[in-house]
Protein chains: 2
Amino acid sequence: MKLSNRAINVQASPIRKLMPFANEAKKKGKKIYHLNIGQPDIETPKEMLDVYKNYEDKVLAYGPSQGLEIYRDNLVRYYGRHKINIGVNDIIVTTAGSEAIIFAMMTTCNDGDEIIVPEPFYTNYNGFATMAGVKLVSLTTYAEEGFKLPASNKIEAKITENTKAIMLCNPGNPTGTVYPAEDMQRIADIAIKHNLFVISDEVYREFIYDGLTHTSILTIPGLEDKAIMVDSISKRYSACGARIGCLISRNKEFMAAALKFAQARLCPPTIDQLAANACIDIEAEYFEGILKEYDKRRNIVFEELQKIEGIICVIPKGAFYIIAKLPIDDAEDFAKWMLEEFSLDNETVMFAPAEGFYATPGLGRNEIRIAYILNENDLGKAMKIFRAGLEKYKNNRT
Amino acid sequence: MKLSNRAINVQASPIRKLMPFANEAKKKGKKIYHLNIGQPDIETPKEMLDVYKNYEDKVLAYGPSQGLEIYRDNLVRYYGRHKINIGVNDIIVTTAGSEAIIFAMMTTCNDGDEIIVPEPFYTNYNGFATMAGVKLVSLTTYAEEGFKLPASNKIEAKITENTKAIMLCNPGNPTGTVYPAEDMQRIADIAIKHNLFVISDEVYREFIYDGLTHTSILTIPGLEDKAIMVDSISKRYSACGARIGCLISRNKEFMAAALKFAQARLCPPTIDQLAANACIDIEAEYFEGILKEYDKRRNIVFEELQKIEGIICVIPKGAFYIIAKLPIDDAEDFAKWMLEEFSLDNETVMFAPAEGFYATPGLGRNEIRIAYILNENDLGKAMKIFRAGLEKYKNNRT
């Protein structure tokens, strides 16, 4: 039976495709430190978990396709605190950020249309683009240059008659980049000049270090009909399993069309939305405490990586990932080897090979993404194991 | 800003698009009996709701992309009780049946490929097909003939070089059809002869009246590499808000490709899966009780509809919908009018205009779908209001 081309071509997630090797290693009694996936160990807020405990309805019913009204009302307040002024009808609650990205791509692009995206980017944009038949046109950025956005004329050179949008992840997964306001304005200017949508993935809004500030795409004047924001509570409240995100735009035509896609799938999960709703008034101190914790982790990982001869990486300014170029040829082979053949005191480390975070063929083959989502102690151990493994792998393979 | 063609063309859900009119009516204090959506009033099993209450993990984490292992293990047992023998790796847990359908379409079809489907069909197949760029090629069936499947040569006449699958809903939404084993075998024979997939939506397995038996696509010998089943717990456990379904096939290549799509979106909701898992051993008596209740409702609706002069409908054999041809021209106009202009003792009824349940343009314009998901008392009242409304509408408009 012949499958579709998209089914054959869609990439296996570099974050998840090595899980069978990890499971095999676990069966053999090996302990694995998971730095492959952005699953924080931070506790989910009690406010949120209490909603599940206290759910009293007798029938677990569908909600509205655009999301529960109470939750959307409260989201307006949440965004207002971040100086993002939107109305309740500018929001569609989605099944995690993933669905918001799919709706954004489907609504802006025909099969064969193009979206310009700085690479390396969140790897699953590749999968969603394959589903939507969208061609991701990459703007390569480099660790050596702090993953800085290219000059505007270089971005404009990528625009064709099929370009429908520019897509950004800010703060960036996997780069840790936080785009300065000037860069966001540059993107906006290009979008206005060429009549393009800007799809901005802002799920790491709360995770910004060194006192930098975040510029949401929704705060740029003149971009009201072009700005589309994708969000998720997965990282914000360490609630990856709730699968609650949202799609936001002030473009009424865009929202009406996206709502039709949303109606087809009926609604996002009901109790999980109520649980997300309970987090709206979590105070700034909560995030400050978590940010301090991640800051420490960031420094541990960066310092440990710096000890590796020939490594190229830059200290992340946001999110909780770091992408690093290793002094080896094939990071996926190394990642598998770490699971299958290496251990230190019967422990090893899993991380994501980074080739899948690029659209340009061949790029990222010697790079990896590390998610610094473990506590200091575990992270320190994991990085020691990582360095020992890399040393041994290099000696074995070269 | 120009949107994509699919965004412009995707149909608004006939089940949900009149909700703004309903909300308007509610604001004016009108009570509405909702027969538009398959949201049962049956209580969600206590076993399921208790899982939410008793969730103890501190971190609401991602699960595996294919679904929690414990749940998939238990699903194998559930299907075994229904004489559907599958292995744990034949199952991917999805975010409701909706996502399973999207994955099935994306994995089998390229943009522009065709799926043959008896119409009227579950209306959201239209939306999912638009997302996937799939053309639904309809096999029209008629109330006058009990929505019987056409003869095999008529089905084969629809096959082109672009046909990739035949899709069925059994028991049928909105027709209430339960396909006899001979019909399922006929479909299987055609699929084998022409090398097509068969996508079988079996979410109403438990809702079959008059002692008829269900033939799952997965029980037909020789079809192992072609049979794809879509399922959901929404109706089975009256848990529409949990958004848990699954995609099942013994075709390993198909499942490996579908898993790549599943990995891109990371995972289905975690606690909701655990809640679904708690229902696996709910006993046959539970479903017998519910079936008795629905059987009564079915009879009320059918008897009330039979009192209408010029109506054409057939008594449903499964699921909890009935589709009826009314002695009017425009069922959508009538549905709106019922919300905006009609009431009886300040109460009215909402139902789904059926044009969106067809792929053939113009068909179904004078038809509606009624979901008989209210208790006998409410349903009786709703049908009385419906008949009074229809009478008045006919007199006003003709």
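Reader: In which loop of chain B does B:Pro120 lie?
Author: This is a predicted model: local features need pLDDT of at least 70, side-chain atom pairs count only at pLDDT 80 or more, and totals for chains, interfaces and linings use all residues. Residues are numbered from 1 along each chain as its sequence is written, chains are lettered from A and ligands numbered from 1 in the order in which they are written, and side-chain values use heavy atoms, with hydrogens and water left out. The peptide bond from B:Glu119 to B:Pro120 is cis, with omega near 0°. Helices (H or I, at least four residues) and strands (E, at least two) are DSSP runs numbered from the N terminus, and B:Pro120 lies in the loop between strand E3 (114-119) and helix H6 (124-132) of chain B.

Reader: Which two residues does the cis peptide bond with omega about 0° at B:Pro171 join?
Author: B:Pro171 sits in the loop between strand E5 (163-169) and helix H8 (181-194) of chain B. The cis bond there joins B:Asn170 and B:Pro171.

Reader: Is A:Ser238 buried or exposed?
Author: A:Ser238 is in the loop between strand E7 (227-232) and strand E8 (244-249) of chain A. Its phi is near 45°, a positive value in a residue other than glycine. Buried means under 20% relative accessible area, exposed over 50%, and partly exposed in between (1.4 Å probe, protein chains only). A:Ser238 has 1% relative accessibility, so it counts as buried.

Reader: How many residues of H5(B) are buried?
Author: Helix H5 (residues 96-108) of chain B reaches 19 Å from its first C-alpha to its last, close to the expected 18 Å. That expected span is 1.5 Å times one less than the number of residues. H5(B) is mostly covered, and the buried count is 13 of its 13 residues.

Reader: What distance separates the centres of domain 1 and domain 2 of chain A?
Author: The bounds come from an automatic or database domain assignment. Domain 1 is 5-43 + 284-396, and domain 2 is 46-277. Taken over C-alpha atoms, their centres are separated by 25 Å.

Reader: Which residues in domain 1 of chain A lose the most area to domain 2 of chain A?
Author: Buried area is the accessible area (1.4 Å probe) that two parts lose on being put together, summed over both. The two domains of chain A bury about 3100 Å² between them, 61% of it on carbon and sulfur atoms. Together giving 19% of what the domain 1 side buries, the residues that lose the most are A:Phe287, A:Lys317 and A:Phe357.

Reader: With which residue does A:Asp210 form a salt bridge?
Author: A salt bridge is a side-chain nitrogen of Lys or Arg within 4 Å of a carboxyl oxygen of Asp or Glu. The rule finds 3 across the interface of domain 1 and domain 2 of chain A. For A:Asp210, the closest N and O atoms are 2.7 Å apart, and the partner is A:Arg298.

Reader: How many residue pairs are in polar contact between chain A and chain B?
Author: Contact means heavy atoms within 4.5 Å, and 84 residues of chain A touch 84 residues of chain B in this way. With both residues at pLDDT 80 or more, the count of pairs is 48.

Terms used. A polar contact is a pair of N or O atoms within 3.5 Å; within protein, one must be able to donate a hydrogen and the other to accept it, and residues adjacent in sequence count only if both atoms are side-chain atoms.
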